[in-house]
Amino acid sequence: MATGILGIALSGLSAAQAGIRTTQHNISNINTEGFRRQEVDYSALNPQFDGTAFFGTGVGVSTVRSLYSQFQDSQVLLNQGQLSRNETYATQASQIDKLVGDANSGLTSAMDAFFGAIQTVANDPTSDAARQVMLSSGRNLAGRINSLDTTLKNIRDDGNREISATVTRINTYASQIAAMSGNIARAEASTGQPANDLRDQRDQLVAELNKLINVTPVQQGDGAFSLFVGSGQPLVLGSSVSTMTSVPDVTNPQFLVPALSLAGGETRPLDSSMLSGGKLGGLLAVREDVLLPAMQDLDTFAYELATQFNAQHTAGFDIAGVPGGDFFTNLSTLPSPYTGAAGQIKAIITDPNKIAASATSLDSPGDNGNALLLADLQTKQIPGLGTITFSSFYSELVARTATLASEADIGVAAYETLTSQARQAQQAISGVNLDEEAANLIRFQQAYQASAKAMQVASSLFDELIGILR
Amino acid sequence: MRIDSMTYFTSSLAGIQSNQTAISRLNQQIATGLTMLATKDDPVTAVKAMELSNRIAMRTQYAANQDKAELDLNYETVVMEEMSSAMIQARTLLVGVSPSQSVSARNVNAEQLKGVFNHLLGLANTRDPSGNYIFAGYETATKPFVNAGGGVPTDYYGTSQIPVAIAPDGTTAPGGSRWSELDVGRYIQVNDNMDQVIRPIGGSDLLQELGEAIVNLPGATITQTDIDGYVAVLDTAISKLGLIEHRVAGALTELTDLRASTQALLLNEKNALSDMTQVDQAAAIVELQSRQTSLEAISRAYSLTSGLSLFNYLG
């Protein structure tokens, strides 16, 4: 490096150029997701002692650093993970809420119609029309239960597919992050300088991954980067990556749960208590809180309806005085918790004369004694449902689902605000401000012009000297 | 405080989005007329509304039961009035006969009595518009009373084998009685077994006695005691029928009271349900207006701030 007045001006020129370059880099990346604005750190070059005093030798670039706050970054990660969880939760809970609470797909109206039809049979026990209506409304009620059950199972299967797909994406992100971390470590080791843009890219990947599964990033002293999931299981440990898979749940094999493949071929399933955030956390939580209870309640409802109704129906006699058969599919052999009841229930009587409206075995078509007792089931408190009526039991299912869906909506709104606040606070430090960059551009331009002027002065000094010699 | 350009430019966006969401929701509410588009919008009210509509459905069914019960009881009343007047007519005829009258005069009375007998038998075998025998108890498909006349005992094919019928609420009535549920747990008897009038247990068979009277009246051996015996049987039947008529009249009064309260409650519940679920159109439109105003304000703010940049002044 040339020393002296030309050299000093030259160092000023390149320093200003470095500033302009960084400013341009900031401006160009204004829309880059995850980019952190960069700043040039300048320092004065080593002074020279010429026998009388220390003279400065100009300016040098010590480093280009990106501006960020670890705390704000982790706040964004934390809130973003909860937002994804709540969004996933709210979407599915709303779907189920709409399904069970809607007048068209829910059970309330079908139930009212069925019991109303029984009353009509009681009013006119010999009427073939009334009996036909009771049969068809019984079929309709069973059909509604079946289709609710099918839709809930579809939601379950969709959830399983989403878990599998999410796990695949997590694996992709994890291996990208591990590879990127290796690159960063190598680049930084060989230059001794921070690889700002590579780090931004890696952290952006972490942010994307965190939307799927909540991760804890740990930057180790030796430069190795690790990610932990669940209750401290390593997903990325330096350059090694644990693969995630989805495996059937132990207690409910029809549900898939994410699992971590550990060294030695062992897989460790992750449950909702371990996954508190991210899309996976939401999928597991909504299944546990909303979907599974709804399916179980529907099974219990179908089981109790069939069992109670059949018990009363078989206690009566049909129009010919023959003891009544089962009205609904006989589910009494199903073990608790009656899994599959909602899918199996059907109204199996097809002959309206087989409806056991009569309480007496003699030839008594006009007897409505048993029809009255069947209609009574509408207002009877059923022990198997927790000593409440059928309609109260269903209302409780709707209420529980609606409350959880509404809580999730509130959660989404809250975490949207928190995430946006955290992001604003983070961007207040790391985000690019175009006006600021414009001012910097002017600043460096002027510095460049001043250095150029200094060079011109130095040059004219030489010219003066050469002129004397001429 | 430092602010980055992205936040600066997009800060209005959240406001625009939330206002647009609210406007779309208001539009849906106004279009459907419903405040709650899903139960999660207001779980407590939604479930209350659900329970209320369940109650309304039940009460509507009870109202239909009441209509049917009233129809049955009114029908029975009309037939019983007719029976009662036929019995009184028979009594008048019998009272008007005396052994001292000529055979031909007694013959006329016997012929008239025969007409009344057939009418009475026909009434006892009355069928409702659906073809059910109304006085046959549960055996609505079988003709209940068969009497060949001439002192032959009446055959009854209705329900009388079961001495007592029990309603779900524990009320009891003679065998073959049917009830209708008019309100939760409230039952009313909607038919009567005519066997208790025509062939009372331990009493005389009305149709048999009348049949005997028709045969014996013109005969030479008829005595005033015989005639008084026939009248006594008729009197017992008339008073038995009167008891049933009173029961039916009482049931109809109860029914009328119940119907009034059912209708009043139904109206109340329907109003309450509509208050819970129906949207207040005026309030919705006012809110829509205010949302629109704030959306316009935010849009204007956005267009003003987005044009500002230091770069515009450089160069």
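Across the interface of chain B and chain A, 24 residue pairs are in polar contact, counting pairs with both residues at pLDDT 80 or more. Keep in mind that this is a predicted model.

Helix 2 of chain B supplies the largest share, with 14 residues. Sorted by class, the chain B residues on this side come out as 22 nonpolar, twelve polar and nine charged.

As for salt bridges, the count between the two chains, B and A, is two. In one of them, Asp409(A) pairs with Lys40(B), and the closest N and O atoms sit 2.8 Å apart.

Here's the interface of chain B and chain A in figures:

| Item | Value |
|---|---|
| Chain B residues in contact with chain A | 43 residues |
| Chain A residues in contact with chain B | 54 residues |
| Area buried between chain B and chain A | about 4,000 Å² |
| Part of that area on carbon and sulfur atoms | 56% |

Within chain B, Arg2(B), Lys40(B) and Met50(B) lose the most area to chain A, together 18% of what that side buries.

Now for a helix pair inside chain A. Helix 2 (residues 70-101) of chain A packs against helix 5 (residues 196-212) of chain A at an angle of about 35 degrees, and their axes are 7 Å apart. The crossing of these two chain A helices is right-handed. Helix 2 of chain A brings Leu77(A), Gln80(A), Gly81(A) and Ser84(A) to the contact, while helix 5 of chain A brings Val206(A), Ala207(A), Asn210(A) and Lys211(A). By class, that contact has three nonpolar, four polar and one charged residues.

Terms used. Residues are numbered from 1 along each chain as its sequence is written. Chains are lettered from A and ligands numbered from 1 in the order in which they are written. This is a predicted model: local features need pLDDT of at least 70, side-chain atom pairs count only at pLDDT 80 or more; totals for chains, interfaces and linings use all residues. Side-chain values use heavy atoms; hydrogens and water are left out. Contact means heavy atoms within 4.5 Å. Buried area is the accessible area (1.4 Å probe) that two parts lose on being put together, summed over both. A salt bridge is a side-chain nitrogen of Lys or Arg within 4 Å of a carboxyl oxygen of Asp or Glu. A polar contact is a pair of N or O atoms within 3.5 Å; within protein, one must be able to donate a hydrogen and the other to accept it, and residues adjacent in sequence count only if both atoms are side-chain atoms. Helices (H or I, at least four residues) and strands (E, at least two) are DSSP runs, numbered from the N terminus. Ala, Val, Leu, Ile, Met, Phe, Trp, Tyr, Cys and Pro count as nonpolar, Asp, Glu, Lys and Arg as charged, and the others, Gly among them, as polar. Axes are lines fitted to C-alpha atoms, for helices over the stretch in contact, and angles run from 0 to 180 degrees between N-to-C directions. A crossing is left-handed if the near helix is turned anticlockwise from the far one by less than a right angle, and right-handed if clockwise.
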